[in-house]
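The following note is intended for a colleague who is meeting this structure for the first time. Please read the numbered points beside the model.

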Amino acid sequence: MSAFILTSCGGADSDTSPFVGKIEFKANGMGMNTTGSITMDAENERMTYRMDALEKFMGVDVAMMIDMKNNMSYTICPSQGIYMETALEKNDVKGELPSKAEVEEMKKEFFSKLKKTGKQEVLNGLTCDEYVLKEKVDELESATIWVSKPMLDRMTANFEMMAELKKLGADELMIGFPMKGSFKADGKTGSFEVTKITEGKNALADFDLSKMKKMGQMEFSKKLMESSSLGDMMNGIDDMKQKGAFDDLDMDELTKELEGLKDVDPKELEKMM
């Protein structure tokens, strides 16, 4: 058996303190391999999400930080040491929560078909429970996931929004933090796995805003794109244009389209992630 039965005897599983640190992961699916990280300061209700897929394919180094304690979101370019901020309205955040009817629908359509097998496996020092999808859900044909309930509880220990979710009856959806999994959807397979967990405030250093430069949205967007492969592409086009490589093409129109990408809203990048 690839999964083995283990019981928790204290250690990482018994730690109930708010999680402060970094969780690194790898994932593949839809023909793409990527790595990333979730940096969490549960003591102060702050979380940062970073994936290298955008940097690989577009040269855009960007991370998103949500600060629920101060109702702020930050778009960060760590390699450039710059960031921009956006105020969050509490009502807007609550508006992102599912309705009670939607929660019940999720229970019926998905979580009722996701069954705990009783198998456990230790991953990164945490005893994880295995769940398996027993029947197809839309395009999702099969799925296996290993989760840690203690880690999820630590990560959400101080989050006010958890109380709102419980009021909606969403407790049954909070089976644990996903540590490893695999799936098959629409004939294609994918997987993910947590590769490393680092605890302590030193793990938050990559996103210390006090050491970065704050910018307005327009300035940040232009700086971000100028430092990306899109910016390099535009410079290369200018060089080739001067050499007459595109004399028979409407390069002014093409350049205009690429210039427009400089003004892309960083929030759109978040959706891409």
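**Notes on the fold and selected residues**

1. A glycine after a helix. Gly 169 follows helix H5 and has a positive phi, near 80 degrees. Helices here are DSSP runs of H or I with at least four residues, strands are runs of E with at least two, and both are numbered from the N terminus.

2. Basis of the note. The model is predicted, so that local features need pLDDT of at least 70 and side-chain atom pairs count only at pLDDT 80 or more, while totals for chains, interfaces and linings use all residues. Residues are numbered from 1 along each chain as its sequence is written, and side-chain values use heavy atoms, with hydrogens and water left out.

3. Overall content. The protein chain comprises nine helices and 12 strands. Of its 273 residues, 39% count as buried; buried means under 20% relative accessible area, exposed over 50%, and partly exposed in between, with a 1.4 Å probe and protein chains only. Contacts are defined by heavy atoms within 4.5 Å. Among contacts between residues at least 6 apart in sequence, 58% join residues at least 24 apart.

4. The sheet. In what order do the strands of the open sheet run? The order is S7-S8-S9-S10-S11-S1-S2-S3-S4-S5-S6-S12, a set of 12 strands with mixed pairing. At the edges are strand S7 (114-123) and strand S12 (213-214), each of which pairs on one side only. Two strands are taken as paired if DSSP finds at least two bridges between them. In general, the strands of a sheet pair through backbone hydrogen bonds, either parallel or antiparallel.

5. Pairings of strand S1. Strand S1 (residues 20-29) pairs with strand S2 (residues 32-41) in the antiparallel sense, over 10 bridges. Within this pairing, Ile 23 stands opposite Ile 38 in S2. S1 is also joined to strand S11 (residues 188-199) by eight bridges, and these two strands run antiparallel. Here Gly 21 stands opposite Glu 199 in S11.

6. Strands S9 and S10. Eight bridges link strand S9 (residues 140-148) with strand S10 (residues 177-185), again in the antiparallel sense. Pro 178 in S10 is the bridge partner of Val 147.

7. A helix across the sheet. Helix H6 (residues 217-226) lies across strand S5 (72-77), strand S6 (82-87) and S12, and runs at about 140 degrees to S6. The axes behind this angle are lines fitted to C-alpha atoms, for helices over the stretch in contact, and angles run from 0 to 180 degrees between N-to-C directions.

8. The buried side of H5. Which residues of helix H5 (residues 160-167) are buried? They are Met 161, Met 162, Glu 164 and Leu 165. These residues lie on the same side of H5 because they cover an arc of only 155 degrees around the axis, the arc being that of the directions from the helix axis to the C-beta atoms.

9. Aromatic pairs. There are three aromatic pairs in the structure. Rings of Phe, Tyr and Trp (its six-membered ring) pair if their centres lie within 6.5 Å; planes under 30 degrees apart count as stacked, over 60 as edge-to-face and the rest as tilted. Tyr 74 and Tyr 83 form an edge-to-face pair, 5.9 Å centre to centre with 65 degrees between the planes. Tyr 74 is buried at 8% relative accessibility, and Tyr 83 is buried at 10%. Phe 110 and Phe 111 also form an edge-to-face pair, because their ring centres are 5.2 Å apart and their planes stand at 85 degrees. Phe 110 is partly exposed at 25%, as is Phe 111 at 23%.

10. Cysteines. The structure holds zero disulfides, a disulfide being a pair of cysteine sulfur atoms within 2.5 Å. Cys 77 is buried, with a relative accessible area of 0%, and Cys 128 is likewise buried at 0%. Asp 13, in the segment before S1, lies 9.3 Å from Cys 128, C-alpha to C-alpha, although 115 residues separate them in sequence. Asp 13 is itself buried, at 14%.

11. Most residues other than glycine have a negative phi. Glu 45 has a positive phi, near 55 degrees, and is found in the loop between S2 and strand S3 (46-51). Asp 186 has a positive phi near 50 degrees and lies in the loop between S10 and S11. Are these residues buried or exposed? Glu 45 is buried, with a relative accessible area of 14%, whereas Asp 186 is exposed at 53%.
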